[in-house]
Number of protein chains: 2
Amino acid sequence: MSFVPLRDSYGTTQLVLNRTNVGGSETIPSVLADVPVESAVLVQGVVSLRPEKQRRPGPAGDIEVQVDGVTLLNPADRNLPFLPSDTQNLANEELRAQYRYLDLRRPELSANLRKRSQVANIVRNVLNEHDFVEVETPILLKSTPEGAREFLVPTRVATSTRGSESSPTQEPLFYALPQSPQQPKQLLICSGGVDRYYQLARCFRDEDGRKDRQPEFTQVDLEMAFVSWGPRTGDSDGWRIGGHEVRDVVETIIRNVWAKAEGVQLPAQFRVMTYNEAMSRYGSDKPDTRFGLEIVDVKQRLPLDAVTASRSTGTTIECLIVRQSRDASFIEAARECPAEGDVVRLQSSAARASECINITPENVGSWLDDSQATARSGLKAAVPQRVGDNVDTLSVEVGDVVWLSERRDPPEGGSTALGRQRLRVAELAQTRGTYTPPAAPHFLWVTEFPLFTRADPDKDFLAKGRWTSSHHPFTAPMWQDIDALYDGRVSEVRGQHYDLVLNGTEIGGGSVRVHDASMQEYIFTEVLQLDEGERASFGHLLHALKCGAPPHGGLALGFDRLMAILCKTASIRDVIAFPKTSVGTDPLFKSPAPVSISVLSQYGIKPR
Amino acid sequence: MSFVPLRDSYGTTQLVLNRTNVGGSETIPSVLADVPVESAVLVQGVVSLRPEKQRRPGPAGDIEVQVDGVTLLNPADRNLPFLPSDTQNLANEELRAQYRYLDLRRPELSANLRKRSQVANIVRNVLNEHDFVEVETPILLKSTPEGAREFLVPTRVATSTRGSESSPTQEPLFYALPQSPQQPKQLLICSGGVDRYYQLARCFRDEDGRKDRQPEFTQVDLEMAFVSWGPRTGDSDGWRIGGHEVRDVVETIIRNVWAKAEGVQLPAQFRVMTYNEAMSRYGSDKPDTRFGLEIVDVKQRLPLDAVTASRSTGTTIECLIVRQSRDASFIEAARECPAEGDVVRLQSSAARASECINITPENVGSWLDDSQATARSGLKAAVPQRVGDNVDTLSVEVGDVVWLSERRDPPEGGSTALGRQRLRVAELAQTRGTYTPPAAPHFLWVTEFPLFTRADPDKDFLAKGRWTSSHHPFTAPMWQDIDALYDGRVSEVRGQHYDLVLNGTEIGGGSVRVHDASMQEYIFTEVLQLDEGERASFGHLLHALKCGAPPHGGLALGFDRLMAILCKTASIRDVIAFPKTSVGTDPLFKSPAPVSISVLSQYGIKPR
């Protein structure tokens, strides 16, 4: 008797082979011995329960098959590029990407695809039960005049003319692939034909290679009509904006996913935090709340004169303290965490540089007075002898590590220097093994973002120095800030936007939308100062609002990122069947690829 | 008391208004009278059951609301482009397309979107229950050297060089949008990581405007591993090819859709017909079997000498008879059905012209002898005195209408002259009101297509006179015809292909695939005579077959067409939220659109 493992897409089954002849001098073991590994075989036999001790986990772990016959359905080459079963010696990523169909034989990847399908199914079931209608929106959509970050699709179907009337020239016309179905879904809800829309939507972004971004990605996209502009009466958990109907649905989706796919019961409601609180306490608009290391605003503890001095510069001073006594998991990492070279990098970004101070018997009383931040902010000059006195309420002790930083106040952008430092300390602690994140997922809503910003380098190529929408120009202001909006106090206007954060990763975001055409027009014209050409691409949406559109709001979840977290992998490529590399190439299909001049000419274009 | 109808996405609710004051001199009726039609309003009140006699069909037809308060949420312009509620005077199609968000307020369109979502859900549930895994495949895929019928997507992410080594030039690279996920899904199944795949897949085809085609469309796409190469033991309903596992799943899907969305129980198995039978009896490879008017092969009834004469020309003679006595619904239409002008058109197509003969007392005995078809085929010359004698077994009577036609034998292509004539007669009879198609859907599998063809004008631009695959080059031959394949008797090889036909419309098609790499290579090289460049784009698939791929097969259902039939509309545009016109433009989003030279230059292209 001998044993052979047989793999299928569900796992591995134990085959039990007897040495009985199957024809001539051949026995089943001798037949199977000749079959190249990774071949497709048909096995016939009797399934039986394995002895209790030999049962293994997995769907086929408790059975074995007494084999009566084996048929070779399709032999594998004896020279495969690599053996997917050899998980101890994984082939390099490039080779695995080129032969993705071999790599997908690894049970991990196969299980990821299965889980992705399961989760998509759970999401759809929740939405169907809540009367959402699944609607497909166009992938061949409109190219905007700027055309930035959009993929273009040349067409043969239509050309327009330009040039003088006497000698018109043909102009090639293009579709563009949507970065998200934002406009179609709003138009759909404006139509009133569908009250609740959803779609697992493919989206496209033509970005310069960013690590772990894909040029095509999937969103769980939803939108609801008749969404409120304020919290539910009686709710007092910090959700002070509208859109609680969307919040409820999304929390129900997530709770169902974790209950059914993970066996984890999540709380009835997720925690809520304002943008200002998230930026002040965690230095991030998507804070990782699984650990403490909260940032402390030093200004609050300084004498009034110092506060005034600081306020006049539009900044505040804050510190991140890793305490030897309380933060045992992090203290060693804090002491080793990159400092100087890092500070330089920080200085080039929106937030100010941070400064690291190791507390010693020598500086325990004077560390704040001696700090560069104090010097730079003018605090020391203003109140030289009194700074240190009050700071002892921070109870800093010898052996602690402190980072001090000056930052814009109110906060802006997505993170502060101390927020990034906090994450680096935690990451290093995790690498060193002194800190292990808790198994329980930490969900968090972040709300009350500034509606407009000048601090988003990603958007500045379009904004050209003007105010730009923090998220998109359709987000509604909080009703409390409508006066500020019309008074031109642009920086004070908070939006009815909500981000869903999981373990420090933004997995979704959405908002209540503007449904009042005149308010939308005011935002386009007066705040964002769009010119006529820029406004034209929003013309149909403005008109749809004028047709009695219901108030509405929605959200999109990043499905690839969500699945990567659920599959406990760092790379979204592990949850996509045929992903592209970080520079957008596909080594399996060998795309992108050149196209002949004659084909291009059908589209009215040629190489430059 | 007064009454006002309130429309939402589910239907219309009756509002009952009392004349009580709501503030100042205003009453609810006076407030509502000022609200422009199509505005969004919030109505508060008490829901009550309507008196029995006043109940109407629809979800809100049996209730009314005693209104206590009305809030105007968003007023509509008083000058809308058209009123969607005025279904008696529909605005013209162009205007409705431009303001699609208004047109979607029509209950018919709204109900279509809802039904589409419901059916998608039923389809997914069946597939999930049968262990299918939903997998998303790339939309940014590989452009093939020919590039025909594919949309291209220029990229910035990579360029390659061509030209001489000393002066390399940058060459723009392109993705292409998939016409179907055929290669990704086969690679997925070859991987063994997933045994059963499905996806509601968006597909793209850059065709010159064809009526009722969309440049993007949706398929229910599925593929299964370990599919048989022959029928199930004991099955004897005409399914003589492999892939009955796929057939079972698809029939289960369709049965569930009709049961749950239509309340109609379909038979346990659908009818099966070979391509040869469909072409011979109905003159179509997607026959409408809801009515008779079957075509009769006259050759079978002619003397042996005539048969020999006909066979030597590779043709046969057949006739379509509409009988006054038996085909009462069709006889008038048959007498009026276009003949002469039409014959000219038919002559330009693959099949031969048809000839119409009205049977009169004068020609009832001699119609066949006197016909052009008989003359042209040489039959009359061969056996002048005997032709008419045998044909009286057709029992043609005075008042009947007969079309005679010569066609290729064995049949080729998608339809014959008589097949098209048969449909025109039925269409005219339906227009005249003498024929009403039965309510019950007629499903039919058509199998045993020729694996290769030279008669597909759609494919000739790539084939350039060579043999081409009737469907695609991965379709397996019937095992009975493998010898013919390797012997070079190409025209005799039948494929393991199956089309699903509903009421004369092809709603899906698929096949068992070749899983033997050497057979696939033989087909590429020896039969299709692909050159090296053409073969290169299939290289990864060939290699995947060599890695021990399981036997596999699948199918794709045209979801838009299926939905149009279920929604009883002639146009697929009525089941798509934001469709394009027949020339591929989108009057709502105003796409396609021009793109600036500077944006194009980022992609290494410029207008020609």
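At 0% relative accessibility, A:Glu223 counts as buried, where buried means under 20% relative accessible area, exposed over 50% and partly exposed in between (1.4 Å probe, protein chains only). This is a predicted model, in which local features need pLDDT of at least 70 and side-chain atom pairs count only at pLDDT 80 or more, while totals for chains, interfaces and linings use all residues. Residues are numbered from 1 along each chain as its sequence is written, chains are lettered from A and ligands numbered from 1 in the order in which they are written, and side-chain values use heavy atoms, with hydrogens and water left out.

**Salt bridges**

- Side chains of opposite charge can pair when their charged atoms come close.
- Over all chains, the structure holds 75 salt bridges, each a side-chain nitrogen of Lys or Arg within 4 Å of a carboxyl oxygen of Asp or Glu.
- A:Glu223 meets A:Arg513 in one of these salt bridges, at 2.6 Å, N to O.
- A:Arg513 lies in the loop between β22 (505-512) and α18 (517-527) of chain A and A:Glu223 in strand β12 (residues 216-225) of chain A, so the pair ties together parts that are 290 residues apart in sequence. Helices (H or I, at least four residues) and strands (E, at least two) are DSSP runs, numbered from the N terminus.
- A:Arg513 is buried as well, with a relative accessible area of 1%.
- In chain B, the side chains of B:Glu277 and B:Arg281 form a salt bridge (2.3 Å, N to O). Both residues lie in helix α7 (residues 275-282) of chain B, 4 residues apart, about one turn of the helix.
- B:Glu277 is partly exposed at 28%, and B:Arg281 is partly exposed at 25%.
- A network of salt bridges links A:Arg116, A:Arg202, A:Glu216, A:Asp560, A:Lys580 and B:Glu136.

**Aromatic rings**

- There are 32 aromatic pairs over all chains. Rings of Phe, Tyr and Trp (its six-membered ring) pair if their centres lie within 6.5 Å; planes under 30 degrees apart count as stacked, over 60 as edge-to-face and the rest as tilted.
- Among them is the edge-to-face pair of A:Phe151 and B:Tyr175, with 6.0 Å centre to centre and 75° between the planes. This pair crosses between chains.
- A:Phe151 is buried at 2% relative accessibility, and B:Tyr175 is buried at 0%.
- One aromatic cluster is formed by A:Trp239, A:Trp445 and A:Tyr498.

**A charge over a ring**

- The charged end of A:Arg114 sits over the ring of A:Tyr10, 4.4 Å from its centre. This term asks for NZ of Lys or CZ of Arg within 6 Å of the ring centre and within 35 degrees of the ring normal.
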